[in-house]
Amino acid sequence: MSSVLLVEDEEALRVFLGDSLRTEGYAVEYASDGPEGLEKALRLPVDLVVLDVMLPGKSGFEVCQAIRRAGKSLPILMLTARNQIQDTVTGLKIGADDYVTKPFDMAELKARIGALLRRALDGGAVPAAVYEFGSIRVNLRGTEVTRNGKVVDLSAREFQLLQFLIEHRGETLSRDTLLREVWGYGAKIYTRTVDVRIASLRQQLEDDPKDPRYILTVQGFGYKFRPEDQRP
Ligand code: CA
């Protein structure tokens with residue numbers, strides 16, 4: 001039986017999550033603040049940590065970092081707030097393995113937990129998620145992008161946009177979709193924002209930004225990331 005440490009300060013959510021996980025057959029340990037979460041993650045033989053970002057005492061980021069500094073490689077799944085893209089990027093950078101944004105779907109959370117535990121059982125370390133196109137190499141977990149081996153200095157938002165494009169490669173994505181999913185904007189505002197960021201990504205990643213090979217414009221609609229396997 002796998003055991004999960006649940007670090008969440010909202011009691012109702014903690015109880016609900018814990019009950020749901022126990023129903024799935026997991027043993028569940030609880031912590032309601034950062035210091036308690038860290039202490040239990042280091043002391044108890046748990047297989048996975050579900051870690052909220054906003055916690056009293058110590059933030060989820062600090063707890064995650066401290067767990068990694070202590071040399072523990074167990075999978076960590078962060079619960080991040082919606083619209084806080086920076087949280088996601090920060091979380092993955094400091095050693096979290098995956099994240100789910102609140103409010104989340106319980107089925108999705110269970111699926112992510114199951115996948116992380118399976119990967120951990122299979123090979124110990126979780127493999128780096130790397131995506132390559134042309135001379136560009138994107139380390140999705142380490143949030144690092146290199147071009148011909150040199151680090152490309154993308155902003156957090158640009159990285160998130162690139163990640164979203166890669167994850168939805170081959171799909172035509174409207175500006176509204178990108179604003180909603182990457183920026184977290186609900187209404188039709190700041191449409192130029194997307195274009196400006198796309199132009200910046202092209203500038204940094206395309207050989208000829210005026211004639212892009214990867215980040216394509218779909219006239220009158222939006223953008224599309226062209227997968228490698230569709231290259232002529
Ligand atoms: Ca919280």
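Modeller: The calcium ion is coordinated by Asp9 (OD), Asp52 (OD) and Met54 (O), at 2.0 to 2.3 Å. This is a predicted model, where local features need pLDDT of at least 70, side-chain atom pairs count only at pLDDT 80 or more, and totals for chains, interfaces and linings use all residues. Residues are numbered from 1 along each chain as its sequence is written, and side-chain values use heavy atoms, with hydrogens and water left out.

Biologist: What makes Asp9, Asp52 and Met54 donor residues of the calcium ion?
Modeller: Donors are N, O and S atoms within 2.8 Å of the metal (3.2 Å for Na, K and Ca). The atoms of Asp9, Asp52 and Met54 lie at 2.0 to 2.3 Å, so they count as donors. Water is not among the atoms, so the site may look incomplete.

Biologist: Why is Asp9 called partly exposed?
Modeller: Buried means under 20% relative accessible area, exposed over 50%, and partly exposed in between (1.4 Å probe, protein chains only). Asp9 has 31% relative accessibility, so Asp9 is partly exposed.

Biologist: And why is Met54 called exposed?
Modeller: Met54 has a relative accessible area of 60%, so Met54 counts as exposed.

Biologist: What makes the phi of Asn148 worth a remark?
Modeller: Most residues other than glycine have a negative phi, and most peptide bonds are trans. Asn148 has a positive phi, near 50°. Asn148 is also exposed, because its relative accessibility is 60%.

Biologist: How do you know which peptide bond is cis?
Modeller: Omega from Lys102 to Pro103 is near -5°, and that peptide bond is cis.
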